[in-house]
Amino acid sequence: PRTIHHPHKMSTDGATSPQDDVTSRLTDTSKYTGTHQQRFNEDGTGKGKAGREDLMIDDGSTNAARKAPSPTARTSKVVVKKWDGKKFGTQADMPRRITIFLFGDAHDEGTVVVLNHSVKNLKAVFARIPNLPTGRPKKLVQQDLRTKITDLDGFRDGGQYLALPTPAFKVSGPEQQGVPKTFKYVERKNDLTYDIKRAQEMWPKMKPKEFTKAAKQFEVYDADGNGFIDINEISASLVTLGFDVHEDKIGHMLAEFDADGNGVLDVYEFFGVVQKAKDEPGSENILVQGADSSICLVM
């Protein structure tokens, strides 16, 4: 005859059966180990979704999501670590995010590109842009629709750029047919100009080529041509120039060189910040050597 087992049945002498021991081990969370233990709090209550699934952290520096380091971290607020100023050779490891739009596609919403330390030339950026309706793009312009991008230092963190079909192609304005509707046009009020003699008198440690390189980066972040950049733009500009700059130092520099106390810097005040950054140990020749600090990865 077939024997029927009763897993929760007590033995005749009152002792727990082997089946009951197994059931106890499976239901007593205090005895769990490994990943099973991580699904429950100390009082035996479950952690819910945080204990069952691998929650993802996307910090914007890459197109790959990252797993949370532990179940405890999954239940707490995700804190993205700020850039710590470390560099790889002459490249500052501070990625910039740009959006590239395609001329000829009125409904294009843009391709997001993360500039980091994976590619070293402008050609690689073009390789990551989708085709235009007429073929491969050959030219990139800034949000003023007239300033051509000639190297990686010409990209501004958070900036938008328009891809054009030929090197000689020009856009008359934001209303021209072919400009995507979501492209944000920024009218440049003025091109940057400065008095080199005045600059040299104010900051004698700077060389003429260093003024030129610093001024170019200032103009990249002064997108509307109003002649000023703010603290976030100062930080990004210095990193693009190749300096090891910690965020806590930027506030002190702004306070030191913002002569009129308006919270922004003009180009002469920015030159002072650059000279201050050059005085940091190991940074003396960065502007002379140049800093190829931007490389890209498409999201």
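**View 1. H7 and H8 sit oblique to each other.** This is a predicted model, in which local features need pLDDT of at least 70 and side-chain atom pairs count only at pLDDT 80 or more, while totals for chains, interfaces and linings use all residues. Residues are numbered from 1 along each chain as its sequence is written, and side-chain values use heavy atoms, with hydrogens and water left out. Helices here are DSSP runs (H or I, at least four residues), numbered from the N terminus. H7 and H8 pack at an angle of about 135 degrees, their axes 10 Å apart. Axes are lines fitted to C-alpha atoms over the stretch in contact, and angles run from 0 to 180 degrees between N-to-C directions. Angles under 35 degrees count as roughly parallel, over 145 as roughly antiparallel and 65 to 115 as roughly perpendicular, so "oblique" covers the rest. From H7, Lys213, Ala214, Gln217 and Tyr221 touch Glu233, Ala236, Ser237, Thr240 and Leu241 of H8, contact meaning heavy atoms within 4.5 Å. Sorted by class, that contact has four nonpolar, three polar and two charged residues. Ala, Val, Leu, Ile, Met, Phe, Trp, Tyr, Cys and Pro count as nonpolar, Asp, Glu, Lys and Arg as charged, and the others, Gly among them, as polar.

**View 2. Helix H7 (residues 208-221) meets H10.** Their axes come within 10 Å and cross at roughly 120 degrees, which means H7 is oblique to H10. On the H7 side you'll find Glu210, Phe211, Ala214, Ala215 and Phe218, and on the H10 side Val267, Phe270, Phe271, Val274 and Lys278. Those residues split into eight nonpolar, no polar and two charged.

**View 3. Helix H8 (residues 231-241) meets helix H10 (residues 267-278).** Here the axes come within 11 Å and cross at roughly 50 degrees, so H8 is oblique to H10. Ile234, Ser237, Leu238 and Leu241 in H8 meet Phe270, Val273 and Val274 in H10. The tally is six nonpolar, one polar and no charged.

**View 4. A look at the largest cavity.** The structure holds three cavities of 30 Å³ or more. A cavity is a set of points, on a 1 Å grid over the protein atoms alone, where a 1.4 Å probe fits but cannot get out. The largest one has a volume of about 90 Å³, volume being the space filled by probe spheres set on the points, which are joined across faces, edges and corners. Among its lining residues (those with an atom within 4 Å of a point) are Gln142, Asp144, Arg156, Tyr161, Arg188 and Val220. By class, the lining has four nonpolar, five polar and three charged residues.

Technical notes:
On a 1 Å grid over the protein atoms alone, a cavity is a set of points where a 1.4 Å probe fits but cannot get out, and a pocket is an open set with protein on both sides within 12 Å along at least five of seven lines; lining residues have an atom within 4 Å of a point. Helices (H or I, at least four residues) and strands (E, at least two) are DSSP runs, numbered from the N terminus.
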